Each structure stands twice: as structure tokens, then as C-alpha cells.
Amino acid sequence: MRTHGTRLLLRAGLLTLLALGATFLLDPYRNYQLATSAGVFAAVAGLTLLVGLTGQLSLGHAVLMAAGGYGYALTATRVTEALEGTGAADGIVGWLVPLLAGVAGAVVAAGLLGTLLGLAAARLRGPYLTGLTLALVIALPSAAGIVPGLAGAQGVSAPFVPVPDALATLIAVEQWHAWLAILVTACAVTPLVALRSGRAGLRMRAVHDDETAARLAGIDPGRVKAGAFVISSLAAGLGGVVLAIATQQVSPGAYGLGFSLLLVVAAVVGGLGSLGGAALGAVLVTLLPWLVDQATAGLPADLGHRLQGNLEIVLFGVVVIVVTVLWPGGLARLVPKNTPLSQNTER
Amino acid sequence: MRTTRSTSRAGAAAVLGLTATTALSACSTPAAAEVPGITDDTVVIGTHQPLTGPAAAGFASISAATAAYFEYVNDQGGINGRQIEYVVKDDGYNPANTQTVVRELVQEDEVFAIVNGLGTPTHTSVLDYLDQNGVPDLFVASGSLTWDQPDEYPNTFGFNADYVTEGAALAQYARDTDPDAVVCVLGQDDDFGEGILEGVELVVGDGEVAQNQTYSTADQDVTAQLGAMKEAGCTHNVLGTINGFTALAVGTAAQMEWFPKWHVSSSGADHPTLVEYLGEEGAPALEGLVSVNYLPNSPSSDWYELFSRINDEYNDGAPYTGNTTYGMSVGYQFAEALAAAGENPTRESIVAAVESGELRGNGVAPLTYSADDHFAYRTVRIAVVTDGAQDFTDDAYEVSEAGATAVTPEETPLENEGIPAG
Amino acid sequence: MERLVFLLSTGLARGAVLALFALSLVIVYRAARVVNFAQAAMAIVPVYVAFAVTAAGGSPWLGLATALVVGALLGAVVERGLLRLVPQDNPLPGIIVAIGLVMVLQAGLAIAFGPDHRPVHAPFSQRPFDVGGISVLSPYDLFVLIVAAVVMGGLALLFGRTSLGLQLRAAAFAPETSRLLGVRVPRMVTLGWMLSIATAALAALLLVPTGLGLDPHAADVLFVNAFAAAVVGGLDSPVGALVAGLAVGLLVSLVTGYASAAAAPLAVLVLLTAVLLVRPHGLFAAREARTA
């Protein structure tokens, strides 16, 4: 067990270092894209685990990201204000403390919402849970307008994390934010990898395969499903933190139904249950709109405008359908066949 | 064990793949010019607009009109010998997309300035970024008070008359035409509605608005709100609504056999658009509709006539609406600022040109830009729908903290075929 | 009191359209045991076709007929062409494919027709009747209520009294046994889909004239509210859909009137959550252990 854990941490560390190094090769705009896709990756990783391992489809993961984002923004702003005027406001403490406090706030907010949803999810079957999460996404703009402190459609701003003095000559702002994004995402995804290949993952698969058999084996399906939801929400919440750091803004418009569906697309395309696939899906979802933009740039204005923003959605829809219908590799996660558990762990 | 290996393999592949593709494109980026977006014969500017998505209805035609005006100017030789290139990017009214496309505009397209960025939540999300990068943020398409913060955002300037000014003018006109007016407000449930309410309260007094109702763009039924206003005995309704919801309000009230006076913000009072929403049967309810505007959106204006010609020739004969006047006026104002920025414009020189207060614009009153004021219009003119046609009256109001004062409108005369002299 | 009557009558009119759409969800659930998350997008396509027909000079009634036919065809095409390819023993792939379909249909409509709302005008006057000084229902509202009642009555007759209806119910509830007894199960499932989408298209067509106009997202909120109503009433109960649809319509109207417009989606969410947690099979559900 211990060697397994160490190996996992080493791999995680290596990948993180690779990613950090990669930021030196990218220009500021690409680093910004890397940061945002890292945030999306964190959320998609949580979602793909949830759907792939326990069969619970959430259409509202954007709301969980928003909860994390709001939690981060509100907490970090308060802490920054509290530090202002004290000597600690300069130097490393000035930005690190609000950042960590913000992450804690995000974890609390997303965890809370995720727990509530998880409790509901434990009692609900497929379409009912999906429908509930759909209603949640639709209600987010209203909630932002009604809950005091969330400032409605205009949204809440998150403090700008400046490049620390020691590194100021070395890297630019976008690269710095990409670093933060990579680190937060690594913290979000590594526990998921560990869970997946450990006992928790086994339990989730057992419950998904056959709830009665799992109960006989002493596993409480409700608790496992709710737990999966909470873990998934924490990952999504940290994804929201990453987006808040990179964009310094949290507003309901950025976390609407369209975005929630894109998270599902990313999870499906990558292969439900596969974390590496989640990474590929997140990159696709970030890059495809840009590619479509480049491709339609030469077209006459009216047609170009109609395609911009819409063509990529058509493509995503087609891809989702094709993957679900034709790719057994992706579908195998969904169908609870009577495969021996050892076979499942090989994926 | 194979799980983590395949995961890390896939993860590494993803990172390397992303790095490779983007590194290749990064290497192909040309070195930045001395002044971004300016060469000897071109000026490149950019904007973010909602062209697609649920909120795009009614806004997509603005950028087309602005682009048509720039084409016209370019055909006549440009400004100081430079052709204006207008890059329009779609953000679908989603602030997350706005962040992405604005960064694209600044870092990839290397625009000289951002002009007429549209929407309050969307543009608010990029204020800090533009400020940090010293990009001129000119003529924001929204009436929010956020754009007038010369200390915080010295490079940001608004274009629209702000919502408070409009609300105050509309309420004052109600008072002036009917001393017994019972004034109520129906506003959008965001800064738009809040601003209009603030303006109305500036005139009638805090808490003296008989009914303040809000609507949400997600719910296309305002029957409940109108019912409350009718019951409260409102005689004059000030609307902080976009076109679709103005039509809904007027139409629903007509169905309830209720015909109060409608005083509507410029964002939702475009007569041709309202007629299209209400249809032949419903259009008569628009008779007597009062609105405010700060641009020469009247068929008797020389500017209107020029813009109609440009629209026919350069905009594929798209229907002429208030958005056309708006878009082309934005274009004219930028051209004026660019001309005033000198033979060799820089980002600093264009901002200085706007702050100098020398820009006149083409509105119902001279522009009010200065070092302390980053708003364009504090005066608005009243328009009324008479016999099925919407046109200006001679009433105009200048709004300050003290309230709304009646003034005489002074429209800028059309000179040099609408092309600012260098 | 006046205000209450006014809000109640507004809510009733809203609720009739909701009830009809909820009914369409119940039909497809009874026929195929699925909750069709693509119902809004599939309902709005026939409305666009109807709009094109009336814009080309046809009468509103021709448009209505077109919408029904196109809706039925679309239901058949999607069921036969797409959903047959999806594994049936697990609801998840079907939902994911439905999401993909939503994206394709809505973005496709936006590409073809642009983002602007297309104003659509009602065939009847929307001027409410005046009863003792209070505005109650309009002729259009009454039309909607009557249509909803007729459709529901017709479907109740079909399902309850005809042999075709018996076959439809049998095919959904016990496919293997029905096949043995000679019922053409696949055909019945397709028929169920056709009826469902035609009904949904009708509901969307009735809704559009009361709003800003036709755009690809016009039926989205309708779907969420109707889903809530269908769940509250019980996904396999047509009577439940009717009652719950009217109830949700009243709820939205009262909340908008007494609280604010923004509070309505939250009220629906709270209602949905409460029912799902307390009585997950709905208030009118016949049976307990209906798996999804």
C-alpha cells in the first residue's frame, strides 16, 4: 500500500512538473487557455468519476464550480481586506494567505452544496437526479440575484494574485496564474486517482454493478453514492477556484446550462471514468471554439457570425452521440455487465 | 498498477500534445509592433459583442452597422491615411467567453484599442485586464455607472447615456407634462433596472415611486408585474426594459385594457423593432410612447440621412433601426477620437484626446468627456410616437446630482460627409 | 383579493400549457420508460416549421397541423434512427445521447434562423374577459385550456378504451409477454414517441405567442417546469401531469406576483426537491417500485 501511494505521488509530481515546465513554451494567451482548461479538467475529472463509476449523471456541475468560485472570491476578498493596513499585506503573506483562505472557503461551499445534492442523489434514480441537477442550473441566476452578497448578474470579483517579487523578472502574470492553476488542479485530481484505484473505487463499482449484491457484501449504496457526489463536488469546486484565479471574476452567466453541458461532453468524449480522458476532453472543449473561430474567419460576416458560437456546439453534439453509440470503450463503463472486478481495475 | 500508468501516460500525452500544438503556433506569432495595432496605413481595433446565444437578439446588428461605417470611411481614404480594421468577436453574452475573446484581441490580434464592448456583466469582467495592460477601453456599450471611474480605470470611457440620467429625464418629463402623475418603474432585475430606478427617485424622491417592479429575462411573462402596477393606480410607467420586454409590457397592458403613459429607456424604445414584436394588431398601443435618446435617431436629421445611405450601400440593405444609428455613431465617435489623436497616434494620445474634451460627437448635446468625467452624455432628448412615427420633440434634459434640468438640444451639424477631419 | 384572482387566472393559463407539455413527458415515459431530456429541442423544431409555413402564406391552422405532423415524424425518426442504437438496459446512454441531440438541434436552428426572436401572433385575441372589474382569462387562454383538455381526454380514451391503447400500455409494461401475445412491441414504442413529440410540439406552439417570440431556446424553461410537474404528479400518471401542471403554473404565477420574477425558478427547484425526497414516485403514482 505504501509503495503504491508513493508511486502515485511521484507520478503526480512528475506530471505537475512537466506541466509547469510547459508553461515556459507558451505565450501569455496560451498560458491563459492552459489555466482555464486546467480548471475545466478538475471539474470534468470529478464528473467523469461520478458518472463513470457510480452511474449518476449530473447536469449541474457548473453550479458546483460556481459554488467553489463564489466561496473562493468572497473569502479571499474578506481576508485581503482584513490584511490591508497591517504589515503583513506585503510579501508572500499578502497573497498566499488570502489564496489559501479562499481555497478553504471554496472547499466549504462546494462541499456543502455537494453534500446536499449527494444526500438527494442517494435516494434518487438516474433521470430524477439528472432532472434535479438541471433545475439547479436553471435556478443559479435567480439564486445569485436573491442570496445577499452574490451581487446578481454582475458577479463578484476575486482578488488579483500578483506575481511574487522573487519571480517577477522571470515570468509574466499569465504564466504565474497558469502555475497556480496547475498546482490547484493537481491537488484536486490526485486524490481522485488514488480513490479510483483504491477501495473506494471498488465500492463505487460494486454499487454500480449490482446494488443488492453490494448490500449483501456490507456496503451501503446510499452512502457510497452520496460520498462519490461529495468528492466530485470538491473537485468541481476547486475547478471553480482555478477559473476565479485566472479570470478574477465569478458571475452566474459564466456557469450556465451551456457550460454544464460542455462538462458532460468533455467527460463523455474522454471516456466516462477515465481521468486521462477527462484531461483530453477538457483540452478539446477549450480548443475547439478557437479552432472553429480560425476556420470561419474567412467567411462573409453574416454567415461567419451565425457559425461562430453555434458550429462548435453542433460538433460537440455530434461527437457525443457518435461516442456514446459507437465507441464500446467509452460505453463499457455505462453498462453494468457481469465482468469480474479484476477486469474493471485494468482500465 | 496499470491504472495509474495508463492515466499518467494519457495525462502526459495530453500535456505534450497541447504544448506541441500551441508551441508551434506561439513560434509563428510575429514580433509586436511599436504601437500595437498601428501601422503606417492601418489601425486595428476590436470589440466583444453577443452575436449568438439567447441574449444576442437585438444586439447583433450594432457591430454590423459600425463595420459598415468604417468601410465608408476607408473608401474615402481613412483617417490620417489609415484604414480602420474592426475585429468583432462573439462572446454570447457570457462573461467567461468575454475574458477569452478580449485576451485574444489584445494578445493575438494585437488591437490598438477595444471599442464599444457590449454588456455590463460581460465588460465588467475584463475591466481589470484591460487596465493592467494599458489598452484604451473606449465607448463601452452600456449605461452602467461602472465606466465612469477615472481614478480606477483611467482608460475606460462609456458611450451610452447612463441609466440614472435616462431615468431622471423620463421621470421629470412625466412631472412636467402631468403634475399629478403617479410614477412607477418596471425594470430589469440587474444594474439596468436599478439605475433607472435611481434616476426616477432622483426626481420624485426616495421611496416615492408608487410601484417598483422587476422582471427577469428568463421569464417571458410580465402579467403579474403589470397587474400590480395597474392596481396601484400608476399613470406613468418608466421602463428600464430591452425592446422585447417593452413590447411585452405594452402589449400585455393593452390586453388588460390598460393604457398608461409609457416612458422608456433608449435601450428598449426602438419603434420599428417594437412594431415588429407587436404586429399590426398590437402596434396602435405604442401611440404616445415617450422615450429618451442621445443620438440623432430622427428621420429629419442630416446624420440619419447619411447613415441610411451608408446602410444601403455598405450594409447589404439591412433594415434601418435604432441600432443602425447607434452603431454608426459609435464608429463616427471613434473616428473623431482617432483623428484627434494625431498623425502618429499612440494609446496614450488617443486617451488624452478623449479626455481633452475637444470631441463633439454627433449627439443631441456635445460630449461631456473630461479628465474627471468618463461619460459621454449627460443630456438626453425626448422622443414621442405620434401617428405611428417616432420623432424628437424639442424637450431635452441635462441631469446632474441635483436633478433633471430642462435645456435646449444642440445637435452637432453634419460636416465633411460625416468623416472627421484629421 | 382582486390581485389573487388575477394571479390565479394567469397561473391557470400558464399551467394549461405546462400540463400539456408534462403530459407529453408522461406519454414517452409510459411508452418507452425514458425521460426524454431532448423534449424541448424536439418540440421547438416543428414550431419553426409551422412558422415557416405561416410566413409563406399558410393559415395558422395549417401551421398547427404541420407542427403536429412534423413532431410525430421527428419522434419516429429519432426513436428509430438514433435511440435504437443505444443500449436499453441502462438509462444513462439514452440521456447522454439526448443531450447531444439538444445541442445539435438548438445550435442548428440558430445557424439556420439566427438568434433573433421571431414574433409569432396568436390566432385568438389575448384580451382577457372582464368579470366584475377583474381581468380573467382571455379567449386565447380558454382556447389553450380547451385544447389541453381535449388532447388529454383523447389520450385517456386512446389508452384506456381502445385495443391500440391496450397494446401501447402492454408493450411498455411487459414487452416480452406482449411480444409472445402478438403485440408488435417496436411499433408501439415508436407510436408512443410520435404521440409524445406531437403533443410537446403542440404545447410549445401554444406557448410561443405569449412570449417574446420564437427562438431555439423558447421551450427550455417550459421543459424544466414541465419536468418538475411530471415528477410531482408521477411520471406514469396522465392525471398527475394535468393536476401538477396546473399547480406549478399557479405556483410560478403567485411567486412572481407576491415575491419577484427571479424567485420563480427557485420555487420550482424547491418544490421538485421536496417531492423527490418525500414522495419520489409522485403524488399520483399507481405503483411503488417503478425503476427508472
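Colleague: Where in chain B does B:Asn80 lie?

Modeller: In this predicted model, B:Asn80 sits in the loop that joins helix H2 (60-75) to strand S2 (83-90) of chain B. Its phi is near 50°, a positive value in a residue other than glycine.

Colleague: Is B:Asn80 buried, exposed or partly exposed?

Modeller: B:Asn80 counts as partly exposed, because its relative accessibility is 21% and the buried class ends under 20%. With a relative accessible area of 47%, B:Glu257 is partly exposed.

Colleague: How much area do chain C and chain A bury between them?

Modeller: The size of an interface is often given as the accessible area lost when the parts come together. Here chain C and chain A bury about 3,800 Å² between them, with 84% of it on carbon and sulfur atoms. Of the area that chain C buries against chain A, 17% comes from C:Ile96, C:Met103 and C:Ile111, more than any other three residues supply.

Colleague: How many salt bridges and polar contacts are found between the two chains?

Modeller: Across the interface of chain C and chain A there are zero salt bridges by the rule applied, while two residue pairs are in polar contact, both at pLDDT 80 or more.

Colleague: Which element supplies the largest share of the side of chain C that touches chain A?

Modeller: That share, 16 residues, comes from H4(C), and the residues of this side of chain C divide into 36 nonpolar, six polar and one charged.

Definitions and conventions: Residues numbered from 1 in each chain as written. Chains lettered and ligands numbered in written order. Predicted model: local features only at pLDDT ≥ 70, side-chain atom pairs only at ≥ 80, totals over all residues. Heavy atoms only, no water. Buried area = accessible area lost by both parts, 1.4 Å probe. Salt bridge = Lys/Arg side-chain N within 4 Å of Asp/Glu carboxyl O. Polar contact = N/O pair within 3.5 Å; in protein donor to acceptor, adjacent residues only side chain to side chain. Helix = DSSP H or I, 4+ residues; strand = E, 2+ residues; numbered from the N terminus. Nonpolar A, V, L, I, M, F, W, Y, C, P; charged D, E, K, R; others polar. Buried < 20%, exposed > 50% of the residue type's maximum accessible area, 1.4 Å probe, protein only.
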